[in-house]
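Let's walk through this structure together, one part at a time. Please keep the sequence and the 3D view open as you read.

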Amino acid sequence: MLNVKSFQIEHFIPANYQEAAAPRLAEAQEKLQKGTGLGHEFTDWVRLPVDYDKEEFARIQAAAKKIQSDSKALVVIGIGGSYLGARGVVEYLCSPNYNQKKNKKTPNIYFCGNGLSADAMQEVFDLIGDDDFSVNVISKSGTTTEPAVAFRFFRDALEKKYGKDGAKSRIYATTDKARGALKSLANEEGWESFVVPDGVGGRYSVLTAVGLLPIAVAGIDITELMGGAARMMETCRTASFENPAWTYAALRDALYQKGWSIEVLACYDPAFRFMLEWWKQLYGESEGKDGKGLFPASVEFTADLHSMGQYIQAGRRIMFETVVRLGASEHELLVPRDEVNGDGLNFVAGKSMDYIRDKAMEGTLLAHTEGGVPNVIVETDGKSAGSLGQLIYFFEYACGLSGYLLEVNPFDQPGVEAYKKNMFALLGKPGYEAQKAELEAKLGK
């Protein structure tokens, strides 16, 4: 079971930090469990691991099998919460090199519509080539610029390759259940559609159809993933420090109150990179409001110990680390012995890579803590869909608690809209004429 602990944290925050945080945590817990806090209309994710649409879940599994049978590639079109979680799960449980793996029986998966690079989009077309492919377009509204633009290109490519009727069976829309541009298109064109639940915001949606369809196409057991999340959901119902989300939220809050302003999430497995990206959106978009919140950053150890490690060790004392320890690797590799010993490494001959990694982890923990960097450790019990489901739900629940401790709404994102309005105006969207002239003047045009 997932566990949260700290290392020599008494050097940085009061020893009674749990006692001090308990009343506020109890209040935050009640808001999440009873749906009475700010943004309560977006807290359906709290019960999602058990209260999900079982009929749709079966349709997701059936659609994944169909895509596996008729496509060599799946293009997943979405931005932010519409792709980060799915990509994180696929890369962690399958491989960051998933598309390059030989002899796999599942399609390549390409994530598009998360930026505005023509070269990146063309590269996906080049990689697909003449292969059969399908598209999963993910958008609550269907009008978000980046995915909507990408979908135009890939829909056009599908219809040219298979004809309008043939393309219908290769487009899967994950969108609002009843309204919006994408839902209307899906209804008109006869595309199979899945639901972005009204009560689940994008960054909390990885365990809905938003994440589950691409994850299932990669061959990951989504029943096991949901089962792990359900087990953590039961654990998080506990209103005490037996709940690991309470411990994590209390540690973060205590460090924040003592002046640390940046939380760096670290992991010693490169396959975890996009889970780090998912975590950054989850916490950045949930907490960064009203001039408040920890800035979420991430590093990949040990690689970043040879770059960012210098700043972490000896730079300004503004950050603390949360280290995700993932347990044993799937493979055990032992270091060979070299009779010449030209590199002087025979002292680790016969040792496993996991053993060396763990000693590097422990050495880093000591160095950073003694250098003035607080460390929080999140331990999981292995690399499996069930364990990852637990970790996803844990981070989501702790994020909700943390937002309420900050007295912000953890489930809205008003700041995200600012750049969109400016972009619409500069692009000449109808209704933004006055803003266009004003912005162009500011830009000196």
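Phe57 is buried, with a relative accessible area of 7%; buried here means under 20% relative accessible area, exposed over 50% and partly exposed in between, with a 1.4 Å probe and protein chains only. You are looking at a predicted model, in which local features need pLDDT of at least 70 and side-chain atom pairs count only at pLDDT 80 or more, while totals for chains, interfaces and linings use all residues. Residues are numbered from 1 along each chain as its sequence is written, and side-chain values use heavy atoms, leaving out hydrogens and water.

Now for the aromatic rings. Rings of Phe, Tyr and Trp (its six-membered ring) pair if their centres lie within 6.5 Å; planes under 30 degrees apart count as stacked, over 60 as edge-to-face and the rest as tilted. By this rule there are 22 aromatic pairs. In one of them, Trp45 and Phe411 have ring centres 6.1 Å apart and planes at 50°, so the pair is tilted. This pair joins distant parts of the chain, 366 residues apart: Trp45 is in the loop between helix 1 (17-34) and helix 2 (54-70), and Phe411 is in the loop between helix 13 (385-406) and helix 14 (417-427). Helices (H or I, at least four residues) and strands (E, at least two) are DSSP runs, numbered from the N terminus. Both Trp45 and Phe411 are buried. Phe57 has a ring partner too: its centre and that of Tyr52 are 5.1 Å apart with planes at 50°, so this pair is tilted. Ring pairs also link Trp45, Tyr204, Tyr393, Tyr397, Tyr404 and Phe411 into a cluster.

Five strands form an open sheet in the order 3-2-4-5-6, with parallel pairing; two strands pair if DSSP finds at least two bridges between them. Strand 3 (108-112) and strand 6 (192-195) stand at the edges with a single partner strand each, so one side of each has no neighbour in the sheet. Strand 4 (residues 133-138) and strand 5 (residues 171-175) pair in the parallel sense over four bridges, and Val137 has Ala173 in strand 5 as its bridge partner.
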